Amino acid sequence: MRMSKDHMLLAERMRRFLGEEYEAFARACDGPPVSGVRVNTLKLSVDQFRGMTPFALEPVPWCREGFYVSSRDRPGKHPYYHAGLYYVQEPSAMAPVELLGVRPGDRVLDLCAAPGGKSVQIACKLERRGLLVANDRHPQRVAALVKNLELAGVPNAVVVNEDAVRLAGAFRGRFDKILVDAPCSGEARIRKSGESVKTRGWRASADYAALQQTLLDAAADMLAPGGVMVYSTCTFAPEENEAVVLGCLARRRDLDVVEPTRFPGFSSGRPDWVGAAGEREAEILRKTVRIWPHATRGEGHFVAVFRKISDEPFGRPGRTLPQTGAAVDELSQFETEAVLAALSEAIDWPGVRRSGRFVRLGDAVSLLLEECAAFAELFAGLRVVRAGLHVGDFKPGGRFRLSHALALAHPFARAKRTVGFRADGADSERELVRYLKGESLFVPAERIDRDVGVSPEGIVLVEADGFPIGWAKWQDGLLKNGYPAGWRWAP
């Protein structure tokens, strides 16, 4: 392929680093990108997915829920994607969360979370218990993070748009697990998109390394004693990988690097690339992981696993923060009645309400589950974008409209009325696609499955092969579409 100047400089550098391995590396980089999906176990089991998927699947060795698929299958265009049954993810990108070791009930921070693939992976491992704080400092990227968490039906996440140092002021020592999937030069994505090298370039490594060190320090301040932190990048650059690990340990006496689980094709870090001063430093870096495109079926990745071995103070102490975002408030009695009336019209809500408490963030109303509610006061002063399960929004005139997130949060909402479409039949698939495009459909009353004594007229949950995909309103044979405009099917 024709190479830009930055590509040629990268090739020259990698030839120097890899020696005899370089030719295999270069051939892998010239090959097609590797595609994968990861099953959303909040909605179905891996075995269920394997039994119903139309795609040919091959397991990803380091992720039980992950599978290689052919890009020709276009998994992002299938109705199951719109039901949130899986996340389309490059296989190597599944490794950092696997090595983080999240367990149900943990309190977990995803510090650089957008667009949200790894946050969803963490949420699946939490099994709706514990707390996930998904943060990203870029306002324009947070929208994608919220969308992916809602599509997956995650009920126990709080999405925050904050600077890492500022976040550390509120959450010192609070998290059991932290993922720092850091911004980087992205040169390991060369097979997927040469633009990453062209627009950022390996020569920016020094700037990224400074940011990465700041992120690691802030994250370590938020880690509880005995907690685990994973640092990962998608770059080959040792300045952003091994050198950042050594720099972090040189500044901090409260962290150690631990040996992670090794999977076939995982290589060790390269102390020789950063001139490690002694055997101790070399031993530490050999505990880190490099995933190479010529050694595994995946793009390049670097992963280091840290454990906090003491609570020795390092960063600035926790402090009260000035208000920068909308406050998370309790609902008034009038607002609560409006919310419950809207819920009662569409779903059996008592079980939902017993799971937590309702709060208001601007016009949005959310359900805070137990662990989220226990942390609520710590979010004061932070830019909270979404808190817990988004139930709906207040509209002008005091009306309350159920959210798309509530429809997708199976099994929290058991709808009183449903209408199902099949994703594998030509006629029904066309109906399903029309719904996903935002069109209204003519549907006879007998097709509306409903509780005994419930009229077919009203809010209906639309399903694809039994899995919720959104709301509609049925009246006089017409299913009026409620699918959000920004989510609609694009050919």
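At least two residues of the lining of the largest pocket come from each of β4 (86-88), α6 (117-126), α7 (139-151) and α10 (205-222); helices (H or I, at least four residues) and strands (E, at least two) are DSSP runs numbered from the N terminus. The model is predicted: local features need pLDDT of at least 70, side-chain atom pairs count only at pLDDT 80 or more, and totals for chains, interfaces and linings use all residues. Residues are numbered from 1 along each chain as its sequence is written, and side-chain values use heavy atoms, without hydrogens and water.

The largest pocket holds about 850 Å³ of space. Its lining has 36 residues, with Ala114, Pro115, Lys118, Arg141 and Asp181 the closest to its centre. A pocket is an open set of points on a 1 Å grid over the protein atoms alone, where a 1.4 Å probe fits, with protein on both sides within 12 Å along at least five of seven lines; lining residues have an atom within 4 Å of a point.

Of the elements named above, α10 has 13 of its 18 residues buried, so this helix is largely enclosed by the rest of the structure (buried means under 20% relative accessible area, with a 1.4 Å probe and protein chains only).

The second largest pocket has a volume of about 620 Å³. Among its 25 lining residues, Arg401, Leu402, Ser403, Trp471 and Gly482 lie nearest its centre. This pocket lies between domain 2 (329-408) and domain 3 (416-487), because both give residues to its lining; the domain bounds come from an automatic or database domain assignment.

Note on methods
Points joined across faces, edges and corners; volume = space filled by probe spheres on them. Buried < 20%, exposed > 50% of the residue type's maximum accessible area, 1.4 Å probe, protein only.
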